[in-house]
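Here is a brief report on annotated sites and their surroundings. Please have the sequence and the model open side by side.

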Amino acid sequence: MSTLTEDAARFAKFSGLEADTITFNGGQPLNGRVLVRGAKNFVTKAMVAALLGDSPSVLRNVPDISDVRIVAGLLGVHGVTISHNVETGEVHLDPTKVKSAHMAEINAHAGSSRIPILFCGPLLHQLGEAFIPDLGGCRIGDRPIDFHLSALRSFGAVVDKLPEGIHLTAPNGLLGAKITLDYPSVGATEQVLLTAVRAQGLTELSNAAIEPEIMDLINVLQKMGAIISVDADRVIRIEGVPNLHGYDHKSIFDRNEAASWAAAALATQGDIFVEGARQPEMLTFLNVFRKAGGKFEIHDDGIRFFHPGESLSPVVIETDVHPGFMTDWQQPLVVALTQATGVSIVHETVYEQRFGFTEALVKMGATIELHRECLGGQKCRFGQQNFVHSAVISGPSKLTGADIEVPDLRGGFSHLIAALMAKGHSRVSNVGIIARGYENFLAKLRTLGAEFEVEN
Ligand SMILES: CC(=O)N[C@H]1[C@@H](OP(=O)(O)OP(=O)(O)OC[C@H]2O[C@@H](n3ccc(=O)[nH]c3=O)[C@H](O)[C@@H]2O)O[C@H](CO)[C@@H](O)[C@@H]1O
Ligand SMILES: C=C(OP(=O)(O)O)C(=O)O
């Protein structure tokens, strides 16, 4: 596994940053307009889905983020021809010459993304075998892949764990299966979808995740020729078909990036119009944003988020699977909650270690206490297990600039917000990681009036 610094250096290269340490001069409100394009948590999966087709696909509204580049590189070593017009956001994927790749080649392109695990089903269907490297992604918990492997075995895959990764084969082909997830995992649900669509017979998945990005993946698969139904009780049924063809699809917007800009507007006493954001996928976020005192206006082409001009209110949040409060929204919003008058509580029930980013906020003057207990009534897998997974934020606190280090993607964005609202200068390192999921974030920050200097 690569180190945090190696990851940051790699991401910095992808994002066009010559260095990944930036000094911010905080204290200015962020005002203006930013464009949010396709969702990191969808486009990467739709690109993998293209592998299942016997003709080319076109994916539109694709952002230029490092996770997209990593997946493009991995598809490339498997013989998929890809072109990405960064300006129009159009990606063309031709899977007609798909081929096996060596583990060394795959490892060289795997980067720190979690997407390689989703290549299993498509590669087994196309080639009869798959090599899967060690997975990356944010270090916000243990993030095991047991649900993925167990589901693949149910389809008939044989899984060999090797020192350099995982090797899968399907000596008797892949057969539809009845699968129940212990927890509605996003990745495991996608694993089942990407495998079941071409497995022989019927697959029934119970306790499935139903995030909007998964629904958009189902849209893509249906366009390709798949037969998938979604019941109201987290049950997804898939009738396998022998062949799929290419698709033409415009990606759903990135609701996590949109929520991040909303939190930035609230925290810096600013006013940001997020072009591309839509209300239905942000319903739960908008309720919490309003309860915290944030104002918003829904427009046809986006959502305007702005500070009310008076004090903010504390809120109680428990993160959850969709339609609950998305865990990826929590980190940026916590920064804004340091400015609310009173005590806010955040109970993180999706990941067991997602509060590491608060250490930097405390260094800057925030009052945040972390607890092992479940501070909320939501069913949670982490209670009584020694995981620090609840936070109590008391405010309002005046933040002052400090030297801080980005720990992960969303925590990194929250550090940028903190640096921009704090009085004085903050030197933020490992910033390149943020390019995994935020397109052109430095250019966007400049447009919004942020003052900063990138170190060379
Ligand atoms: C690339 C991508 O789409 N990432 C998103 C995806 O991550 P990802 O798909 O990795 O997240 P999951 O929904 O799978 O994980 C949720 C929980 O299930 C656990 N788990 C998961 C799989 C497994 O085999 N065993 C297991 O125990 C995880 O450790 C975690 O505690 O959904 C998360 C939850 O909305 C988001 O925060 C991530 O931004
Ligand atoms: C946790 C995240 O991503 P990943 O699953 O790619 O690490 C995220 O987007 O906040």
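## Helix numbering and model type

Helices here are DSSP runs of H or I with at least four residues, numbered from the N terminus. By that numbering, asparagine 41 belongs to helix 2. The model is predicted.

An unreviewed UniProt entry carries the annotation "binding site" for Lys40 and Asn41. Lysine 40 sits in helix 2, which spans residues 40-49. Asparagine 41 lies in helix 2 as well.

Are these residues buried or exposed? A residue counts as buried if 20 or more other C-beta atoms lie within 10 Å of its own. Lysine 40 has 26 C-beta neighbours inside 10 Å, so lysine 40 is buried. Asparagine 41 has 26 other C-beta atoms within 10 Å, so asparagine 41 is buried too.

Which residues does lysine 40 touch, leaving out those up to four places away in sequence? The contacts are Ile65, Asp67, Asp254 and Gly437.

## Active site: Cys138

UniProt, again in an unreviewed entry, puts the feature "active site" at Cys138. Where is cysteine 138 found? Cysteine 138 is in the loop between strand 6 (129-132) and helix 6 (146-154).

Cysteine 138 is buried because 23 other C-beta atoms lie within 10 Å. Cysteine 138 touches Asp408 and Leu409, with residues up to four places away in sequence not counted.

## Summary

The record's "binding site" covers Lys40 and Asn41. The record's "active site" is at Cys138. Lysine 40 is buried, asparagine 41 is buried, and cysteine 138 is buried.

Notes: Residues numbered from 1 in each chain as written. Chains lettered and ligands numbered in written order. Predicted model: local features only at pLDDT ≥ 70, side-chain atom pairs only at ≥ 80, totals over all residues. UniProt positions renumbered as here; feature names shortened; annotations may be inferred. Helix = DSSP H or I, 4+ residues; strand = E, 2+ residues; numbered from the N terminus. Buried ≥ 20, exposed ≤ 12 C-beta atoms within 10 Å, placed from the backbone. Contact = placed C-beta atoms within 7 Å.
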